[in-house]
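Keep the viewer open as you read.

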Amino acid sequence: MTLLEAKGLSIVFPTSRGEVKAVDQVDISLGEREFVGIAGESGAGKSTLALGMLRLLTPPGKVVAGEVLFHGTDILKLTDEQFRKDYRWTKLAMVFQGSMNGFTPVFTIGSQLKEVLALHGREASDSTISKLLETVDLDNSIASRYPHELSGGQKQRAFIAMALSLEPEVLVTDEPTTALDVITQATIINLLKRLRKELGISVLLITHDLALISEAVERLYVMYAGGVVEEGPSIDFFAKPKHPYSQGLLTSTPTLTSNEIKGIPGFLPDLANLPPGCRFTPRCPFAMEVCKRDYPPLKGVGGERVACWLY
Amino acid sequence: MPAGSTNDPVLKLEDLCVFFTSKRFMEKAVVVKAVDGVSLEVGRGEVVALVGESGSGKTTMGRAAIGLTAPTSGKVTLVENDLEVDVGKAKGKTWKGLRKRLQIIFQDPFSSIDPNMRVYDSLKIPLQSQGVKDAGEVSRTIDDVMRRVGLPKELLDNYVFQLSGGQRQRIGIARVLLFNPALVVADEPVSMLDASLKGDIIHIIEKEAKERGTAFIFITHDMAVARVAAQRIAVLYLGKVAEIGPSDRVIENPYHPYTKALLQASPTIEPGMRDKTKEVNVRGDLAISTEHPPGCVFHPRCPLVMDRCKTDVPELKELEPGHWASCWLY
Ligand SMILES: Nc1ncnc2c1ncn2[C@@H]1O[C@H](COP(=O)(O)OP(=O)(O)OP(=O)(O)O)[C@@H](O)[C@H]1O
Ligand SMILES: Nc1ncnc2c1ncn2[C@@H]1O[C@H](COP(=O)(O)OP(=O)(O)OP(=O)(O)O)[C@@H](O)[C@H]1O
Ligand SMILES: [Mg+2]
Ligand SMILES: [Mg+2]
């Protein structure tokens, strides 16, 4: 069953150069107990999409079209008060990109965790805190430290502990492991998998790291320049990505056996001046006439959906 | 040659220790040995990767290398034009001079650059504060670094908060390239970037190293990136060097069980692979424990632990030319 769903969501940022279309008519869904990934390169609109879905966008960013349904309710229509009281953190939690700065510098990690728990009427004892820290593989002694006394990865994990503290139904994590070594990364991914199993949490994982997604998710979306270009089960995707952009993304993932990292040549288009056709055209090795003219719709291709005129 | 040394060093760390003492009200003081006896030299135009898990002391070592954190003991020396500067003890004018020669790209692009600044100003201000005042030169230098980090000029008018994470990271890199530093500590400079941009950034670093002789300490958690970016890799564990050597050798023929574990845990792009075959046999974050275990610091997590490891501290041993590991297996 679908738990959280964005339908036709469009988000823009007005700038001096015109409107930046960061998210353009995106449909995304997350089922109950599902583990879904969103991949795409820097600037694709992943964070903006997630922030928009959880009502965390800051002005001037605004949702200009679409709805976000949670258990069938359009949460974009709720009042701020209602949303804060009944949804944020308790039902829908998010670990932001750069969340290692989410802590206030003047209080210890432990007291900040306690405050969140107490604010929502949960038990906030020392032992709850140390259990929380333990879930993210952090030693109890972290609780009495100030944020600046932790390493980057330690802060990142402490923030994940905070997001989990209220046992939300949906956890959205934006680049949760970018600054972490592989052993800690594996620990976090395994933790997310375990939470899904044990607590029935649904997880939306945002990352540019396809290797990470391949280990974790059942289904994924690939975003390019504000739109979804491919969507489908991991198995199908990793067996054979269909969109030329996805193919480029996959071959450019660094591996231990290679001596170079090959990128996809070219840049993302200017999101304030989007060309009419497929946005990947200037970088696409298979570009055709039609690609410059018309924007390709998502079409079913062998178990997946792909927005590309090749199919 | 001793472990960690190189020809034509531009920066020398000798037996570097950085300990943090924290004292809480009514509690006994605890000492965190973030860097514990590291000796390492970085050559002119060389890129040395520092790898190791979260909390192993990478950032602290990088900060000490450029004089942002004072060593508890040991010595940091910058060698330029046959002059040696004691970085750890530099004060006043010498310290100010060092700020231009030794640069850092911070681990986190979200806190290191004021988000309410225009991109242009975020580059102009550091330039001006170092005495570059001519408007034409300022804008030429800025255009030049934007090109070098592969960002379109249009972005200069944007505010920093309008940039995506990856774009911000590249502005951070552009800011240190404005000068012509002797050494740059790059703390996870590509972790925020997607695969297709990682290569570009590494090329930028390679080019700066080759063409200008800039040395880099490249901190990363990603072994694949370390291999591509660096000539040598140093693996850090609980503030000590577990293994150091030429990048290809460390990846293809690792000696230390910790290096082996890091390599095993590296993600692959086959779904579920790590689950089945890559079960890591070391786990837990011991790096946070304030008291280091006696003997080899890795022994509590080591799958091959022997009696001797529990009592005696292993020294770095040269196992092939320039490739050293500290482990009683050898
Ligand atoms: N406040 C803002 N004002 C103007 N443009 C913005 C703003 N925030 C984001 N953008 C633009 O929207 C686009 C999408 O940004 P977003 O942060 O969502 O990308 P992302 O996919 O999360 O990238 P990354 O992987 O680098 O984090 C980018 O081009 C960015 O410059
Ligand atoms: N100012 C401080 N006071 C007390 N302890 C500190 C301080 N700064 C760092 N530490 C501790 O020193 C150790 C090394 O931290 P450091 O930031 O160097 O790790 P790191 O290898 O960069 O980790 P990461 O990969 O997570 O960024 C950690 O255990 C950290 O908690
Ligand atoms: Mg983002
Ligand atoms: Mg660090």
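**Around the two ligands**

Ligand 2 has 21 residues around it, and the ones that come nearest are A:Ser151, A:Gly153, B:Ser54, B:Thr59 and B:Thr60. Bear in mind as you look that this is a predicted model. The residues surrounding ligand 2 come from chains A and B, so the site is shared between chains.

From chain A, the side chain of A:Arg145 puts an N or O atom 2.8 Å from an oxygen atom of ligand 2. On its own, ligand 2 exposes 640 Å², and the protein buries 92% of that. At least two residues each are supplied by α5 (152-164) of chain A and by β2 and α1 of chain B.

Those two chain B elements turn up again in a sheet and its packing. The sheet is an open one of four strands in chain B, in the order β2-β1-β4-β5, with antiparallel pairing. Its edge strands are β2 (30-43) and β5 (83-86) of chain B, each pairing on one side only. On average, neighbouring strands are turned by 25 degrees against each other, direction ignored. Helix α1 (residues 58-65) of chain B packs on this sheet and touches β1 (9-22), β2 and β4 of chain B, with its direction at about 120 degrees to that of β1(B).

Ligand 1 lies between chains A and B, with 20 residues surrounding it, the closest being A:Ser42, A:Gly43, A:Ser47, A:Thr48 and B:Gln162. An oxygen atom of ligand 1 is 2.5 Å from an N or O atom in the side chain of A:Thr48, and one is 2.9 Å from an N or O atom in the side chain of A:Lys46. The protein covers 93% of the 640 Å² of accessible area that ligand 1 has on its own. Two or more shell residues come from each of β1 (2-15) and α1 (46-53) of chain A and α6 (165-177) of chain B. By type, the shell holds six nonpolar, 12 polar and two charged residues.

Note on methods
Residues are numbered from 1 along each chain as its sequence is written. Chains are lettered from A and ligands numbered from 1 in the order in which they are written. This is a predicted model: local features need pLDDT of at least 70, side-chain atom pairs count only at pLDDT 80 or more; totals for chains, interfaces and linings use all residues. Side-chain values use heavy atoms; hydrogens and water are left out. A residue is near a molecule or strand if one of its heavy atoms lies within 4 Å of it. A polar contact is a pair of N or O atoms within 3.5 Å; within protein, one must be able to donate a hydrogen and the other to accept it, and residues adjacent in sequence count only if both atoms are side-chain atoms. Accessible areas come from the Shrake-Rupley method with a 1.4 Å probe; for residues, only the protein chains shown count as cover. Ala, Val, Leu, Ile, Met, Phe, Trp, Tyr, Cys and Pro count as nonpolar, Asp, Glu, Lys and Arg as charged, and the others, Gly among them, as polar. Two strands pair if DSSP finds at least two bridges between them. Axes are lines fitted to C-alpha atoms, for helices over the stretch in contact, and angles run from 0 to 180 degrees between N-to-C directions. Contact means heavy atoms within 4.5 Å.
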